[in-house]
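Dear colleague,

Please find below the structure that I am handing over to you. My notes on what was found in it follow directly after.

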Amino acid sequence: MARPLRLGFLASHNGSNMQALIDACKTGRLEARPSVVISNNSESGALARARQEGIPACHLSGHTHPGPGVLDQAICATLTHHQVEVVCLAGYMKRLGPQTLATFRGRVLNIHPALLPKFGGEGYYGQAVHQAVLEAGEKESGPTVHLVDEQYDHGPVLAQARVLVLEGDTPATLAARVLAQEHRLYAETLQRIAMGEIVLEGLKR
Ligand code: GRF
């Protein structure tokens, strides 16, 4: 068995996707090791969960690191220090800077709660995504795991899962069913990367 893939997380809020990945590592469903958690939000559930799990937890934001490029450099240095191989965005509400993107090019993943390229981009986050899906009269929705580039919700798609839209769905009920699939899909996709079934350019194993 190859050595566990070292994962770094960036998350702004609850961190339930991050937790699902940590849990998958614990049970061995995901042959990876959560190595560091970074959040721009000092009060985030993600940082609390990381501390609870004994994973290094860092609050790095425009407040802790003001000035152009300084935060980007700190994020990049933190990920590098913890020997992160794959960066997992998990509800991270900020754009990554050029240094981090260049250093981890092709090794940064995000999960989005809709079937990209539909319902993605600036403004499509939280319940607004599911609201738009319902307003468009879509018959199905579901999460997308994709590679991250300079634009929001834009890089190549690695995996998607389908969730039927049900009659009477509200943004909240649809979000809950999609979220359950996010947790499963993110762990499965990372395990496929760990096994070499999905090959990431730039990931040396
Ligand atoms: C998820 O819906 C994810 O798709 C989106 O942000 C949300 C994060 O939720 N990018 P959580 O913090 O993982 O619970």
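**Helix H1 and its surroundings**

The buried residues of H1 pack against strand E1 (5–10), strand E2 (32–39), helix H2 (45–53), strand E4 (86–89), strand E5 (108–112) and helix H6 (171–194); contact here means heavy atoms within 4.5 Å. This is a predicted model, in which local features need pLDDT of at least 70 and side-chain atom pairs count only at pLDDT 80 or more, while totals for chains, interfaces and linings use all residues. Residues are numbered from 1 along each chain as its sequence is written, and side-chain values use heavy atoms, with hydrogens and water left out. Helices (H or I, at least four residues) and strands (E, at least two) are DSSP runs, numbered from the N terminus.

Of the 12 residues of H1, 9 are buried, that is, under 20% relative accessible area with a 1.4 Å probe and protein chains only; exposed means over 50%, and partly exposed lies in between. Among them are Met 18, Leu 21 and Ile 22. Just after H1, Gly 28 has a positive phi of about 85°.

**The sheet**

Seven strands form an open sheet with mixed pairing, in the order E3-E2-E1-E4-E5-E7-E8; two strands pair if DSSP finds at least two bridges between them. Strand E3 (57–59) and strand E8 (157–160) are the edge strands, each pairing on one side only. E5 and strand E7 (residues 144–147) are antiparallel over 4 bridges, and Ile 111 stands opposite Val 145 in E7.

**The nonpolar cores**

A nonpolar core is a set of buried Ala, Val, Leu, Ile, Met, Phe, Trp, Tyr and Cys residues joined through side-chain atoms within 4.5 Å. The largest has 34 residues, and Leu 7, Val 86, Leu 109 and Leu 190 have the most contacts inside it. H6 gives the most to this core, with 6 residues. Another core, of 17 residues, lies apart from it and includes Ile 38 and Leu 89.

**An aromatic pair**

Rings of Phe, Tyr and Trp (its six-membered ring) pair if their centres lie within 6.5 Å; planes under 30 degrees apart count as stacked, over 60 as edge-to-face and the rest as tilted. Phe 119 and Tyr 124 form an edge-to-face pair, 6.4 Å centre to centre with 75° between the planes. Phe 119 counts as buried because its relative accessibility is 16%, whereas Tyr 124, at 32%, is partly exposed.
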